[in-house]
Amino acid sequence: VREKYGEIARSVGKTGCCGPSSCGCGDPITSNLYSDAETSGLPGEAVAVSLGCGNPTALVDLQPGQTVLDLGSGGGIDVLLSARRVGPSGKVYGLDMTDDMLALARENQRKAGATNVELLKGHIEHIPLPDNSVDVIISNCVINVSGDKDKVLGEAFRVLKPGGRFAVSDGVTRRRDVPAEIR
């Protein structure tokens, strides 16, 4: 997973949209998840490298002053959208395990002028934040790649403040014959 996403981050904008990978360019699952109004003013690389399967920022009413955590923040599209909505009195953390994605996200943060963003290196199974420290957690098609989803959810609820919210866009299957242990 790390190598795949690192290659995408290194390739963005070099040959077509995302280099040898299609990223969100024309992929029916990853394209058209964000309105033009949402992406207006965002760095093109943040939009191009969006690898999500939804728009978690559309699922939650973010308010000025809130603290947000994006699990698996990638190139930073959801971090930057959240940063706009929580404003200068708010804070957005982006957590990713891939050095190349973090470098790309930092460049996108710089281009966007987002001063209320902090990008963290780490794994979503071990969130490097204190207990009860965030108001909202978002995640965009990342939890499905974790080998320990129970640990991810435990960590998420550990860092959420009482009454906090968790907005997830992730993979869904329509198969009815999914074994019980997987469901």
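S133 sits in the loop between β3 (117–121) and β4 (134–140). Helices (H or I, at least four residues) and strands (E, at least two) are DSSP runs, numbered from the N terminus. This is a predicted model: local features need pLDDT of at least 70, side-chain atom pairs count only at pLDDT 80 or more, and totals for chains, interfaces and linings use all residues. Residues are numbered from 1 along each chain as its sequence is written, and side-chain values use heavy atoms, with hydrogens and water left out.

**S133**
- S133 counts as buried because its relative accessibility is 18% (buried means under 20% relative accessible area, with a 1.4 Å probe and protein chains only).
- Neighbours within four places in sequence aside, S133 contacts T67, V159 and K161 (contact: heavy atoms within 4.5 Å).

**The sheet**
- Five strands form an open sheet in the order β3-β2-β1-β4-β5, with parallel pairing (two strands pair if DSSP finds at least two bridges between them).
- β3 and β5 (160–169) are the edge strands, each pairing on one side only.
- β1 (residues 67–71) and β4 pair in the parallel sense over 4 bridges.
- D70 stands opposite I138 in β4.

**The helices**
- α6 (residues 149–159) packs on the sheet and touches β1, β4 and β5.
- α5 (residues 99–112) has 14 residues.
- Buried residues of α5 are M101, L102, L104, A105, N108 and Q109.
- Seen down the axis of α5, its buried residues fall within an arc of 160°, so they line one face of the helix (the arc is that of the directions from the helix axis to the C-beta atoms).

Key. Buried means under 20% relative accessible area, exposed over 50%, partly exposed in between (1.4 Å probe, protein chains only). The expected span of a helix is 1.5 Å times one less than its number of residues. Axes are lines fitted to C-alpha atoms, for helices over the stretch in contact, and angles run from 0 to 180 degrees between N-to-C directions.
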